Amino acid sequence: MTSRSSDGATKMPIVLSPTEIDELLSMTLIANLATLDDDGGIHLMPMWFLRMGDYICIPTSRKTRKYRNLKARPHASVVVDLSREGLDLKGVLVRGRVELVEGEEARRINRLIHLKYVTSEALDDPSVASYLSEGDDVTVKVRIDHVVSWNLAESKAGKALSAGGWSRPLDG
């Protein structure tokens, strides 16, 4: 993503610092996981996630298309963004090799991910517990091999939209 100055010259895009990337990846946001289908199509799903060191960990089921895709082609892309109105947009794209974790280690990691998004009381509720524990029997570990980040809020246009109050609110 590049931005153009008023004279048409290309400038480097504004990116997040390593500290800002770490902060964004520690927030309770929704990640978008992209895998590749057999026919070359992209399968994109919103997912809960937890950063663990050099990995983005995502719970899933071995019954899902994403699991089958990753079993056949163990690479994925993950986007985590904080997008608000106008150009108040910042985010991180992670691409990397995937490790599929199953068994007790997957249950342990997935419980940590679940606790990032719901309370421990929720995990005691039979309907929630059965859905999450039975459904999420695999952990997708995407190694952070390549990172691209952006921060359009700090661009000249982003600052102008914000200062002028010219952005329309997002729905939701």
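Guide: What follows goes from the whole chain to the pocket, and then to selected residues.

This is a predicted model: local features need pLDDT of at least 70, side-chain atom pairs count only at pLDDT 80 or more, and totals for chains, interfaces and linings use all residues. Residues are numbered from 1 along each chain as its sequence is written, and side-chain values use heavy atoms, with hydrogens and water left out.

The chain has 6 helices and 10 strands. Helices (H or I, at least four residues) and strands (E, at least two) are DSSP runs, numbered from the N terminus. Along the principal axes, the C-alpha atoms fill a box of roughly 55 × 35 × 30 Å. Of the 172 residues in the chain, 35% are buried. Buried means under 20% relative accessible area, exposed over 50%, and partly exposed in between, with a 1.4 Å probe and protein chains only. The accessible surface comes to about 10300 Å², and carbon and sulfur atoms hold 54% of that area. Areas come from the Shrake-Rupley method with a 1.4 Å probe; for residues, only the protein chains shown count as cover. Take contacts between residues at least 6 apart in sequence: 70% of them join residues at least 24 apart. Contact means heavy atoms within 4.5 Å.

Now the pocket. The second largest pocket holds about 230 Å³ of space. A pocket is an open set of points on a 1 Å grid over the protein atoms alone, where a 1.4 Å probe fits, with protein on both sides within 12 Å along at least five of seven lines; lining residues have an atom within 4 Å of a point. Grid points are joined across faces, edges and corners, and the volume is the space filled by probe spheres set on the points.

Which residues line the second largest pocket? The lining consists of Pro46, Met47, Trp48, Pro59, Thr60, Ser61, Thr64, Lys66, Tyr131, Leu132, Gly135 and Asp136. By class, 6 are nonpolar, 4 polar and 2 charged. Here Ala, Val, Leu, Ile, Met, Phe, Trp, Tyr, Cys and Pro count as nonpolar, Asp, Glu, Lys and Arg as charged, and the others, Gly among them, as polar. Three elements each supply at least two lining residues: β4 (42–47), β6 (55–60) and α5 (126–135). The largest share, 3 residues, comes from α5.

Look at Leu132 next. Leu132 sits in helix α5. It is buried, at 6% relative accessible area. Setting aside neighbours within four places in sequence, Leu132 contacts Trp48, His114 and Leu123. Arg111 is 21 residues away along the chain, and its C-alpha atom is 8.7 Å from that of Leu132.

Trp48 is another lining residue. Trp48 is partly exposed, at 26% relative accessible area. The structure holds 1 aromatic pair. That pair is Trp48 with Tyr117, stacked, 4.8 Å centre to centre and 5° between the planes. It links distant parts of the chain: Trp48 is in the loop between β4 and β5 (50–52), Tyr117 is in helix α3 (residues 103–117), and 69 residues separate them. Rings of Phe, Tyr and Trp (its six-membered ring) pair if their centres lie within 6.5 Å; planes under 30 degrees apart count as stacked, over 60 as edge-to-face and the rest as tilted. Tyr117 counts as buried, at 18% relative accessibility.

Strand β5 comes next. Leu50 lies in β5. Beyond four places in sequence, Leu50 is in contact with Tyr55, Ile56, Cys57, Leu112, Ile113 and Lys116. From Leu50 to Arg84, 34 residues apart along the chain, the C-alpha atoms are separated by 22 Å. Met52 is partly exposed, at 27% relative accessibility. With residues up to four places away in sequence not counted, Met52 touches Cys57, Ile109 and Leu112. The C-alpha atoms of Met52 and Ser26 are 9.5 Å apart, with the two residues 26 apart along the chain.

End with strand β10 (residues 146–151), which contains His146. His146 is partly exposed, at 34% relative accessible area. Its contacts, leaving aside neighbours within four places in sequence, are Leu93, Val94 and Arg95.
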